[in-house]
Amino acid sequence: MASTNDLSVPAYPHNSHTRQFLEQRVVSIQDDYETSRQSSSSKHPMSWSQHDRDIEQIVSAYNNYLGSTPGYTPLDWHLVKAMVWTETGPVAPNNDWNTEAMQSANTGDLGLPEMMSNPDRTNLIVPPSLRGALSSPNSNAYNNIATGVGYLLYAAANFGQKTITDTKNLKKVTVDKGDTLEKLAARLGTTVQVLQQDNRGVSPKSLKPGMVLTYSPATVVTAIKSWKSITPSSAAALYNGHGDPSYADKLSFFYQMINSNRPLQ
């Protein structure tokens with residue numbers, strides 16, 4: 001890695017357009033760091049690190065909320081910082097750095113609309129304390145980043161279904177003429193699988209009027225079954241989709257730069 005102004009800089013990608021994009025931002029980061037270093041940090045913190053505290057807080061909230069789900073690996077807030085740098089930065093036009101830092105609710109993007117149309121899944125991902133951000137994602141950088149992290153994790157989650165059974169509340173029912181396991185399950189608030197588990201040997205063919213069955217109330221709910229790995233390359237695919245073809249290179253570059261320079265962490 002080259003070193004300029006005490007900041008290590010990763011090797012640039014070969015693509016000239018991507019290299020130009022990164023070089024321009026590196027110059028801005030280096031100048032910002034130098035100005036900050038020569039001043040009291042309390043008077044002039046780095047503009048490129050302006051959102052660090054918010055990112056840490058947001059990622060911590062998600063990690064705490066999702067920590068008990070199967071196979072979850074805590075998200076690295078430095079990766080989110082690198083995504084924010086890839087998306088905007090203080091050099092971005094239209095004050096996007098202060099309002100739409102992670103570009104998580106751009107017109108035409110499908111991520112947020114998908115989350116809003118699937119509240120069962122979204123509520124499994126987004127902590128209650130951050131759900132309000134999804135309603136006004138472009139009002140400030142905090143809400144925009146909270147929404148962006150939410151979509152990244154939403155895209156990384158593998159959803160399925162699970163049955164919640166109240167085994168401590170066993171009940172009985174007498175089979176009527178015309179009953180099927182499906183009709184009984186729907187009427188009683190349980191599932192066919194639970195009926196068969198609670199009554200060994202019962203099948204659609206063996207079901208007869210007058211039989212007394214035991215059952216546990218049960219519901220089928222949406223659940224997180226597992227997680228896709230979140231790395232710079234996978235995060236680019238999950239979050240950026242088929243947008244910027246050089247997104248992964250940019251994200252990997254900034255992630256390396258942040259992790260190799262303590263002042264940027």
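This short talk walks through one predicted protein model, from overall build to a few single residues.

First, the ground rules. Because the model is predicted, local features need pLDDT of at least 70 and side-chain atom pairs count only at pLDDT 80 or more, while totals for chains, interfaces and linings use all residues. Residues are numbered from 1 along each chain as its sequence is written, and side-chain values use heavy atoms, with hydrogens and water left out.

Now the overall build. The protein has 11 helices and six strands. Helices here are DSSP runs of H or I with at least four residues, strands are runs of E with at least two, and both are numbered from the N terminus. Along the principal axes, the C-alpha atoms fill a box of roughly 85 × 40 × 30 Å.

Here is one pair to look for in the model. Ser36 and Thr174 are 138 residues apart along the chain, and their C-alpha atoms are separated by 77 Å. Ser36 sits in helix 1, residues 16-38. Ser36 is buried, because its relative accessible area is 13%. Buried means under 20% relative accessible area, exposed means over 50%, and partly exposed is in between, with a 1.4 Å probe and protein chains only.

Next, burial and surface. Of the 265 residues, 45% count as buried.

What about contacts? Take those with a separation of 6 or more: residues 24 or more positions apart account for 71% of them. Contact means heavy atoms within 4.5 Å.

On to the aromatic rings. How many aromatic pairs does a search of the whole structure find? The search finds nine. Rings of Phe, Tyr and Trp (its six-membered ring) pair if their centres lie within 6.5 Å; planes under 30 degrees apart are stacked, over 60 edge-to-face, and the rest tilted. One of the pairs is Trp85 with Phe254, edge-to-face, at 5.7 Å centre to centre and 85° between the planes. This pair links distant parts of the chain: Trp85 is in helix 3 (residues 77-87), Phe254 is in helix 11 (residues 247-259), and they are 169 residues apart. Trp85 and Phe254 are both buried.

Compare Tyr151 and Tyr154. Their ring centres are 6.3 Å apart and their planes are at 25°, so the pair is stacked. Both lie in helix 7 (residues 141-156), three residues apart, about one turn of the helix. Tyr151 and Tyr154 are buried too.

There is also an aromatic cluster. Its members are Tyr12, Trp48, Trp85, Trp97, Phe253 and Phe254.

Asn143 is buried, because its relative accessible area is 13%. Leaving aside neighbours within four places in sequence, Asn143 touches Ala133, Ser136 and Pro137. Arg131 is 12 residues from Asn143 in sequence and 9.3 Å away in space, C-alpha to C-alpha.

Last topic, backbone angles. Most residues other than glycine have a negative phi. Asn95 has a positive phi, near 60°. Asn95 lies in the loop between helix 3 and helix 4 (96-99). With a relative accessible area of 44%, Asn95 is partly exposed.

Gln103 also has a positive phi, about 50°, although it is not a glycine. Where is Gln103 placed? It is in the loop between helix 4 and helix 5 (111-117). Is Gln103 buried or exposed? Gln103 counts as buried, because its relative accessibility is 15%. Beyond four places in sequence, its contacts include Glu87, Asp96, Asn144 and Tyr239.
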